[in-house]
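Hello,

Here is the structure I promised to pass on to you. Please have a look at it first, and then read on for what turned up.

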Amino acid sequence: MRIMSKKCIICNAEAGYMIKDTSDYYCGECAEEHFGDITLLVKMEAEAQKLKELFRDQIASPDENEGGRDGSN
Ligand SMILES: [Zn+2]
């Protein structure tokens, strides 16, 4: 399975951000221009990272084990 790269809906550049709960994608520039504050948007990198971790979990590679994070919430 491969994660498709999304395109900015304005300029068609590679999108790095999406609006939460929608399928509107923006590149960093358009996001900033459009919203003025990209913190309103979800960084797709983070989403992709979540997926990667999911997959890595399933594969359970013994190579690398990142267990040093503070996970107290
Ligand atoms: Zn754009």
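**What was found**

Along the sequence, the protein chain reads β-β-α-β-α. That comes to two helices and three strands, where helices (H or I, at least four residues) and strands (E, at least two) are DSSP runs numbered from the N terminus. Please note that this is a predicted model, in which local features need pLDDT of at least 70 and side-chain atom pairs count only at pLDDT 80 or more, while totals for chains, interfaces and linings use all residues. Residues are numbered from 1 along each chain as its sequence is written.

On confidence: pLDDT is the predictor's confidence in each residue, from 0 to 100. Its mean over the protein chain is 79, with 71% of the residues at 70 or more. Among the elements, E2 has the highest mean pLDDT (92) and helix H2 (residues 44–59) the lowest (76).

Now the sheet. The three strands form an open sheet in the order E2-E1-E3, with antiparallel pairing; two strands pair if DSSP finds at least two bridges between them. Strands E2 (25–26) and E3 (42–43) each have a single partner strand and stand at the edges, so one side of each has no neighbour in the sheet. E1 (residues 17–18) runs antiparallel to E3, and two bridges join them.

The cut-offs are 20 or more other C-beta atoms within 10 Å for buried, 12 or fewer for exposed, and partly exposed in between, with C-beta atoms placed from the backbone.

Of the 73 residues in the protein chain, 12% count as buried. The largest nonpolar core has eight residues: Ala 15, Tyr 17, Tyr 25, Tyr 26, Cys 27, Cys 30, Ala 31 and Leu 41. E2 and helix H1 (28–35) are the elements that give two or more residues to this core. Such a core is a set of buried Ala, Val, Leu, Ile, Met, Phe, Trp, Tyr and Cys residues joined through C-beta atoms within 7 Å.

Cys 30, one of the core residues, is in contact with Cys 8, Ile 10 and Cys 11, leaving aside neighbours within four places in sequence. Contact here means C-beta atoms, placed from the backbone, within 7 Å.

Best wishes

Note on methods:
Two residues are in contact if their C-beta atoms, placed from the backbone, lie within 7 Å.
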